[in-house]
Amino acid sequence: MITIRHSHADGTLIEGSRRGDGIFEILRGLGDNWRWMPSIGRIGIRQSRDRVAQRGRIERAAAALRAAGHEVAVEIDESDRRSFADAEADRYDRAEDRAEYHGDVAGRARQAADAAYGAEDGILKHIPPGQPILVGHHSEGRHRRDLARADAHRRRGRDEVDRSRYHEGRADAAASYQAGRESIPTTQRRIAKLEAEERQLTRRLNGTGLALHGEDAPASGAYAERLRVRLADIAEELVYWREHVAAAEAAGVKVWSRADFTRGDFVRFLGKWYEVLRVNGKSVTIPAMISDGLVVTRDNTRLSWTDTVPYDKVTGRKSAEEIAALLAEAGRRAEVAS
């Protein structure tokens, strides 16, 4: 008996399978993100924890396994849940574990590389620099063997250096996971995405969305229940991330919004200052980004169109007077330098 079990807390996992029994090969061929998870010794759908069951993938997996002659049961329990805060803390803990693991592997690889290069040097130091192989001499065989051994150590050293660099990169990525995830601009974009999803799912649930043919009908049955589960998840996530932004702002982190700008101000984006042509709900309108100079205005841009900068990508603000003073100072410095 093969059981495909999904719970909110554990994700979608396969039970009753052992490595090498062919189950993984069947599932991998479906292209539905089934993975062997060595940390728990199970097959599962990657990144399925704390999410609504992906029923289409589960049903395709069950059908493929039954077609291969296996008896399959499917169990889905959306009530076994953990709070989003607990799930987020668990993600950070696992990132720390990954950073430690990859750091250890990188350290061992560096040591192996040093040992390999040391062994190469130990062999070559007995061969005078530039010494050719004396063909026919009694030393020919030993010379060739020494060069082959030295070359093998060199290759191993290079392989271990590559291995070390790979795991160092993985360790760095894991170590910076929490900081990247809690970045305020990243969090603002995540909130906007969650809000958009919330609106979309609410329309589907209520039947107020746009349909290709006629009016949408309100969702019902199991589909409606899945929508409610996901909407509950989104509501909890939004509370968590909004509180995170509010706490960061209270701690002194600048969170830009339309309240910070008026028309004629200048916004800093990608190292340049752009005149604010219009202040919108989620962005400011600026002259074309593809423009010359440190300060870009409506008058000095060489292109006719406009672009927008969302508030989560703003890195600074100055008034028109401050920009004028900045340009005047730059002009004085240029005169002194000339």
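Arginine 189 and aspartate 312 form a salt bridge, their closest N and O atoms being 2.8 Å apart; a salt bridge here is a side-chain nitrogen of Lys or Arg within 4 Å of a carboxyl oxygen of Asp or Glu. Arginine 189 belongs to helix 6 (residues 184–206) and aspartate 312 to the loop between strand 11 (306–310) and strand 12, so the pair ties together parts that are 123 residues apart in sequence. The model is a predicted one, in which local features need pLDDT of at least 70 and side-chain atom pairs count only at pLDDT 80 or more, while totals for chains, interfaces and linings use all residues. Residues are numbered from 1 along each chain as its sequence is written, and side-chain values use heavy atoms, leaving out hydrogens and water.

**Salt bridges**

- Arginine 189 is partly exposed at 37% relative accessibility, whereas aspartate 312 is buried at 16%; buried means under 20% relative accessible area, exposed over 50%, and partly exposed in between (1.4 Å probe, protein chains only).
- The whole structure contains 28 salt bridges.
- One of them joins aspartate 90 to arginine 94, at 3.1 Å from N to O.
- Both of these residues lie in helix 3 (residues 84–124), four residues apart, about one turn of the helix.
- An α-helix has 3.6 residues a turn, so residues three or four places apart point the same way.
- Arginine 94 has a relative accessible area of 33% and is partly exposed.
- In a further salt bridge, the closest N and O atoms of glutamate 237 and arginine 230 are 3.3 Å apart.
- Glutamate 237 is buried, at 13% relative accessible area, and arginine 230 is buried too, at 19%.
- Salt bridges with shared partners link Arg49, Asp50, Arg82, Glu88, Asp90, Arg91, Arg94 and Arg181 into one network.

**Helix 6**

- Helices (H or I, at least four residues) and strands (E, at least two) are DSSP runs, numbered from the N terminus.
- Glycine 207 follows helix 6 and has a positive phi, near 75 degrees.

**Nonpolar cores**

- A nonpolar core is a set of buried Ala, Val, Leu, Ile, Met, Phe, Trp, Tyr and Cys residues joined through side-chain atoms within 4.5 Å.
- The largest such core has 17 residues, and Leu205 and Trp241 have the most contacts inside it.
- Helix 3, helix 6 and helix 7 (221–250) are the elements that give two or more residues to this core.
- Helix 7 gives the most, with eight residues.
- A second, separate core of 15 residues includes Ile2, Phe24, Ile43 and Ile45.

- Four strands form an open sheet in the order 10-7-6-12, with mixed pairing.
- Strand 10 (295–296) and strand 12 (316–318) stand at the edges with a single partner strand each, so one side of each has no neighbour in the sheet.
- Strands pair if DSSP finds at least two bridges between them; strand 7 (residues 272–275) and strand 10 pair in the parallel sense over two bridges.
- Tryptophan 273 has valine 295 of strand 10 as its bridge partner.
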